[in-house]
Amino acid sequence: MAGLTSRVATEDDLPALEAVMAASIAELQKGFLSPAQIAASRTIMGLDRQLVADRTYFVVEDGDRVAGCGGWSRRATLYGGDHTPGRDPELLDPARDAARVRAMYTHPDFARRGVGRLILQLCEDAARAEGFKRLELMGTMSGRPLYESYGFQAIEEIVDARGGEPVPLTRMGKTIAG
């Protein structure tokens with residue numbers, strides 16, 4: 001993680017975040033999904049401006065380059081971008097609900113260099129500070145090894161076909177120390 005810095009994302013970051021997301025979806029899903037599934041992924045993945053507005057979304061930089069982004073949420077939506085159907089802005093109760101780890105993307109130039117692990121730590125620390133005891137996320141096939149190495153366990157396997165092709169995903173959870 002040497003050289004990486006992090007900060008809370010602002011609205012000024014949105015174009016750079018969208019570029020990182022597009023590159024990540026296009027490149028890092030190869031080998032896990034077919035080209036048609038990668039194209040369909042754009043319907044169920046992407047930028048969620050609510051995370052930026054809630055100040056729960058992080059930018060990881062290496063010098064002046066955005067290496068990755070990701071965040072967490074105190075809202076019910078588990079995954080998806082602004083355009084994804086079925087979003088739920090209801091606030092979660094830290095006493096009974098798991099905080100959501102959301103919209104994690106690493107630029108392909110920075111894959112396997114600690115970006116994802118740093119984002120997970122930032123999310124865990126922030127959610128814990130607000131009283132959450134558990135985290136949940138919806139993992140892609142390419143992201144699952146990172147999440148498992150960080151202590152997340154599979155809860156359920158799903159297939160999301162809202163983009164026209166079935167995209168396999170894994171709902172995962174982790175208990176966080178108080």
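## Basis of the description

The model is predicted, so local features need pLDDT of at least 70 and side-chain atom pairs count only at pLDDT 80 or more, while totals for chains, interfaces and linings use all residues. Residues are numbered from 1 along each chain as its sequence is written, and side-chain values use heavy atoms, with hydrogens and water left out.

## Overall architecture

The protein chain contains 5 helices and 7 strands. These elements are DSSP runs numbered from the N terminus, helices being H or I of at least four residues and strands E of at least two. Along the sequence their order is β-α-α-α-β-β-β-α-β-α-β-β.

Along the principal axes, the C-alpha atoms fill a box of roughly 40 × 35 × 30 Å.

## Burial, contacts and charge

Of the 178 residues, 48% are buried, meaning under 20% relative accessible area (1.4 Å probe, protein chains only). Among contacts (heavy atoms within 4.5 Å) with a separation of 6 or more, 71% are between residues 24 or more positions apart.

The accessible surface, from the Shrake-Rupley method with a 1.4 Å probe, comes to about 8,100 Å², and carbon and sulfur atoms account for 52% of this area. There are 22 positive and 25 negative side chains, with the centres of the two sets 3 Å apart. Lys and Arg count as positive and Asp and Glu as negative, without His or the chain ends; each charge is placed at NZ of Lys, CZ of Arg, CG of Asp or CD of Glu.

## Strand E4 and its partners

Strand E4 (residues 99-106) is largely enclosed by the rest of the structure, because 8 of its 8 residues are buried. Two strands pair if DSSP finds at least two bridges between them. Strand E3 (residues 65-73) runs antiparallel to E4 and is joined to it by 5 bridges; here Cys 69 stands opposite Tyr 105. With strand E5 (residues 134-139), E4 pairs in the parallel sense over 2 bridges, and Ala 99 stands opposite Leu 135.

## Val 101

Val 101 lies in strand E4 and counts as buried because its relative accessibility is 4%. Leaving aside residues up to four places away in sequence, the residues that Val 101 touches include Gly 71, Trp 72, Leu 135, Leu 137 and Phe 152. Gly 70, 31 residues away in sequence, is 7.8 Å from Val 101, C-alpha to C-alpha.

Notes:
Buried means under 20% relative accessible area, exposed over 50%, partly exposed in between (1.4 Å probe, protein chains only).
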